Amino acid sequence: MALSLAGKVVFVTGASAGIGAGCARAFADLGARLLLLARRGERLEALAPELRDLGAADVHWVAADVRDFDAVAAAHASLPPAWQEVEVLVNNAGLSRGLDPLQEGELEDWNEMIDTNVKGLLHVDRVFLPGMVKRGRGTVVHIGSIAGRQAYPGGNVYCGTKYAVRGITEGLRLDLLGTGVRVVSVDPGLLRSEFSLVGAVPDGD
């Protein structure tokens, strides 16, 4: 029998658009209490009524940048205790920048992808996992990419960050053995989302 998520806290990062917003809508349909995080708070505010109409038991959102560990920690600390009891963490925030060959790549683009896709994922896990481990339950979902399994022309650094997500997921799975907390990765291919339609615009950032 599938675990009911009705009334449970589901935390989605990068929830303002794309896969993140899609995940939020899917969990709303299951009656979850949705905790949303993204840089673009105005988008989360606009999305919240739709999620309630879809069936979300409640919606709480926080504007923060996952690249900033202190901001993620402060967002967690600001939550009412009941909102800190995350049952499912969908660690989705990510972006792609540029399609240049590596030898012509822009350092600024590289840093933004690495800081968001790798360090941002680690920041969120580091802040929210201790509570899940302490409660002895929960599921962490890392949103990777098919680009973490097969590189494409011009995707050198972006693909590298998604390969890193695979490695982090596999390592974390070992770290969590015996804790009651599970970790999985989902690796989408090309989707009709803001990420793919507008190239260098972040997906749910």
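By class, the lining of the second largest cavity has eight nonpolar residues, one polar residue and no charged ones. Here Ala, Val, Leu, Ile, Met, Phe, Trp, Tyr, Cys and Pro count as nonpolar, Asp, Glu, Lys and Arg as charged, and the others, Gly among them, as polar. The lining is made up of F11, L35, L36, L37, V62, A75, H76, L79 and F128.

You are looking at a predicted model, in which local features need pLDDT of at least 70, side-chain atom pairs count only at pLDDT 80 or more, and totals for chains, interfaces and linings use all residues. Residues are numbered from 1 along each chain as its sequence is written, and side-chain values use heavy atoms, leaving out hydrogens and water.

What is a cavity? On a 1 Å grid over the protein atoms alone, a cavity is a set of points where a 1.4 Å probe fits but cannot get out, and lining residues have an atom within 4 Å of a point. Points are joined across faces, edges and corners, and the volume is the space filled by probe spheres set on them. The whole structure holds two cavities of 30 Å³ or more.

| Cavity | Volume | Lining by class |
|---|---|---|
| Largest | about 90 Å³ | five nonpolar, six polar, four charged residues |

Now follow α5 along its length. The helix bends by about 40° at F128, and the proline P130 follows within four residues; a bend is the angle between axes fitted to the seven residues ending at a residue and the seven starting there. Just after α5, G136 has a positive phi of about 75°.

Helix α2 (residues 41-54) has a kink too, of about 30° at L47, shortly before the proline P49. Its buried residues (under 20% relative accessible area, 1.4 Å probe, protein chains only) are G41, L44, L47, A48 and L51. They pack against α1 (18-29), β2 and β3 (58-63), where contact means heavy atoms within 4.5 Å. After α2 comes G55, with a positive phi near 125°.

Methods. 1 Å grid on protein atoms, 1.4 Å probe; cavity = no way out; pocket = protein on both sides within 12 Å on 5 of 7 lines; lining within 4 Å. Helix = DSSP H or I, 4+ residues; strand = E, 2+ residues; numbered from the N terminus. Buried < 20%, exposed > 50% of the residue type's maximum accessible area, 1.4 Å probe, protein only.
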